[in-house]
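Here's a friendly walk through one structure. Have a look at it first, then read on.

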Amino acid sequence: MNNRISIKEKKEVVIDPTVVDFLNPDFLYIPITRDDTIKVKTNSEVYKEQLIVKSARGDVYSPVSGKVIGKTSSMLVGNQKMDCMVIENDFREKTKKRMSATKYIHDFEKEEMLDLIEKYNVCHHPITTKGKTLLINGIDSDPYEHTYSYLINTHGAKILETIDALCSILEVETTILAITNNDTRNVISLTNNIGTYPNITLKLLPDIYPMGFKDILIKNVLSKKQISKGFTYLTVQDIYNIYNVLKRKKSMTEKLVTISGNAVEQPLVANVKIGSSMADIIKNCCDVVNRKYFIVVNGLLAGRTLKSLNSVMTSDIRSIFLSVKDEAIEKKCINCGLCNSKCPVGLNPKYLKEHKKADRSKCIKCGLCTYICPSKINFKTCLGGKDGE
Ligand code: SF4
Ligand code: SF4
């Protein structure tokens, strides 16, 4: 663990304690491909949570009620041009029929539960039915991201209830919820409530980057024996989504997202509709103090830069950073050895940059080498970016 770093500058960023809602965009954009089956016609009315697209990527449910007004090819999804169905919001949030809540989510049979999770397409990680351990990641992947922390803070009781239900339905032996030891409000509230759930172990980990990355977390929390006996890895976002499905048969139509960066006056966590455009989210959620920004999603250190504001908010986006370019010029390597000594998986980034054919398969694309280099050498160009999960 000694080679990990604590990102000190993080302490200077004070995030707004209130979650900002932006749940009423005028238009929603639903990515579609030629292989998808579109379940609604142009000019037809849709209600919120109606199945609108059947797809191999997972079925899609309407985030709002409104009218399907056609198709556009002007939007980007993960920097790729993709056709999108356009829904005009009627702002009525009309649902077909309100599902009555399931009283006790522990009563689901294993197959029934897995079928529901698959049907509503809410879980970003596979659930293994034979694993003996359940590991839940409640640590934000990026030092400037607060999405998971806010999710636990807002829905802690639901998250604990769902983890406990999964633990008994999947018949796992060990269940671990991992958060950082300086996530003070969640440490206090979870410690106070965890006594009700003797099956769940709360694991407090040091706030060092990149602890929230899946591979690093697994390595730091699970023993070799637990790994070899099989385990399921989920995030608190998966757990919250599963809660909504088991409790109310509710698809994922909105989500929390951190909005931060040096071009934003006040960093915050917003609750936004999936399918909103980035342009709408930025316009409605934050004050931009410098218009020369570029957008990075899913982590300032490891995230990907978006090519356009005409990008769609998808269910896998945890954070949006509006950053003004660092004008510092790349200098010559001073052979300080920092990139080598701090790489969390023991690689030599300088060597990888200089040797195109070198094996970079172990690289988790955390961006730490680029962040830490005093000569401002950009390793992302040769190692690429990832989203942390
Ligand atoms: S991006 Fe890859 S090489 Fe650089 S520090 Fe992270 S794991 Fe190591
Ligand atoms: S951190 Fe930068 S300056 Fe130091 S050895 Fe690595 S590439 Fe060179």
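## Two helices meet

Y148, L151, I152, H155, K158, I159, T162 and I163 of helix 2 touch V236, Q237, I239, Y240, I242 and Y243 of helix 6. Contact here means C-beta atoms, placed from the backbone, within 7 Å, and helices (H or I, at least four residues) and strands (E, at least two) are DSSP runs numbered from the N terminus. The residues of this contact split into 10 nonpolar, three polar and one charged. Ala, Val, Leu, Ile, Met, Phe, Trp, Tyr, Cys and Pro count as nonpolar, Asp, Glu, Lys and Arg as charged, and the others, Gly among them, as polar.

How do the two helices pack? Helix 2 (residues 147-169) and helix 6 (residues 236-248) pack at an angle of about 55 degrees, with axes 9 Å apart. Axes are lines fitted to C-alpha atoms, for helices over the stretch in contact, and angles run from 0 to 180 degrees between N-to-C directions.

## Where the model comes from

This is a predicted model: local features need pLDDT of at least 70, side-chain atom pairs count only at pLDDT 80 or more, and totals for chains, interfaces and linings use all residues. Residues are numbered from 1 along each chain as its sequence is written, while chains are lettered from A and ligands numbered from 1 in the order in which they are written.

## The sheet

An open sheet of six strands runs in the order 1-16-15-19-17-18, with mixed pairing; strands pair if DSSP finds at least two bridges between them. Strand 1 and strand 16 (residues 268-273) run parallel, joined by three bridges. In strand 16, V272 is the bridge partner of F22.
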